[in-house]
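Student: I have not seen this structure before. Could you take me through it step by step?

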Amino acid sequence: MYKSDYLKSGDLIRIVSPAGKIKAEKILPAVDLLKKNGFDVLLGKHIFNTHYQFAGTDEQRLNDLQEALDDPNCKAIICSRGGYGAIRIADKLDLSSFKKNPKWLVGFSDVTTLHAILQREGFCSIHGSMPSYYLSEGQPTESFLELKKLLTGGHTEVNTAANKYNRTGQVSGQLVGGNLSILYSLVGTPLEPDMDGKILFIEDLSEYLYHLDRIMHSLKLSGKLSQLKGLLVGEFTDMKDNDSCFGQNVEEIILNTVESYSYPVCFNFPAGHVDRNLPLLFGEEYMLNVTQKGASLSLV
């Protein structure tokens, strides 16, 4: 997988809104922070537009993203937020200029669709926090500082506490994945994720437990879960249940689905729809080590 050049002071970052609408006050403080850290920043022309729940029409969102992809001076594209909408423009993107001048793509949630496009074309990208997560009480968050470190070439090992649901083991492999509902929606499309021999990362937000169970069993039936090297489970935030309780929690649902496989499983990895959303380099080789005392994830 191809990795773009790491960022240095003075490099240009473009921020675009390929999916949900967002207000300026969620973005502008992060722009100031990026500038204070030595980067030039350019906002998409339609970044604050509104069209139903989207940040502008499909054409406006596509134009902003395409312009960023085509810009030879741009070194990183940061998505303003997720929400919904990237899949509506996915088949219209032209990567011919991007391939001549690759750059980082940063985002999570609905941005999983864009990660899938780049993975299919052989490019690494970053599952990481977006601008509204960069500051807390006026100070840079850990999520921002770790993202900056990764964008500028620094690598750190992430260690997590022991979890009674973890399944032990040590593996290395290419990291892929993203938002579970988005990954599920891409099965059967040209962007269907290739998970064989990979470490799969998943996270999600505000789904019903029975829906999580259906997604996991559908992925199992499709063969997507049988050849994994490992399963890295991020945060499943604000999950919902019916009045008639499903009867299993998130961890139990996931473990039940993969119980016939032997690869390691790590729960509660700090990434997803949470304040502590540590960046992951999709397409790169990682080592996942899950023990009774805890787990670690490190770039190989």
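**The hairpin and its sheet**

Tutor: Strand 14 and strand 15 are joined as a hairpin through 2 residues. Please keep in mind that this is a predicted model.

Student: How many bridges join strand 14 to strand 15, and do they run parallel or antiparallel?

Tutor: Strand 14 (residues 285–291) and strand 15 (residues 294–299) run antiparallel, joined by 6 bridges. T291 has G294 in strand 15 as its bridge partner.

Student: What is the strand order of the open sheet?

Tutor: The order is 8-15-14-9-10-11-12, an open sheet of 7 strands with mixed pairing. Strand 8 (158–161) and strand 12 (265–266) are at the edges; each has a single partner strand, so one side of each lacks a neighbour in the sheet.

Student: Which residues of strand 14 are on its covered face?

Tutor: Those are Y286, L288 and V290, while E285, M287, N289 and T291 make up the uncovered face.

Student: Changing topic, which residues form the nonpolar patch on the surface?

Tutor: Y208, Y210 and F246 form that patch, and together they have about 260 Å² of accessible area. Y208 is in the loop between strand 10 and helix 7 (209–221).

Student: Why does Y208 count as partly exposed?

Tutor: Its relative accessibility is 32%, and partly exposed covers the range between under 20% for buried and over 50% for exposed.

Technical notes: Residues numbered from 1 in each chain as written. Predicted model: local features only at pLDDT ≥ 70, side-chain atom pairs only at ≥ 80, totals over all residues. Heavy atoms only, no water. Pairing = 2+ DSSP bridges. Helix = DSSP H or I, 4+ residues; strand = E, 2+ residues; numbered from the N terminus. Patch = residues over 30% accessible without salt bridge, like charges linked within 9 Å, V, L, I, M, F, W, Y side chains within 5 Å. Areas by Shrake-Rupley, 256 points an atom, 1.4 Å probe, with all protein chains shown as cover. Salt bridge = Lys/Arg side-chain N within 4 Å of Asp/Glu carboxyl O. Buried < 20%, exposed > 50% of the residue type's maximum accessible area, 1.4 Å probe, protein only.
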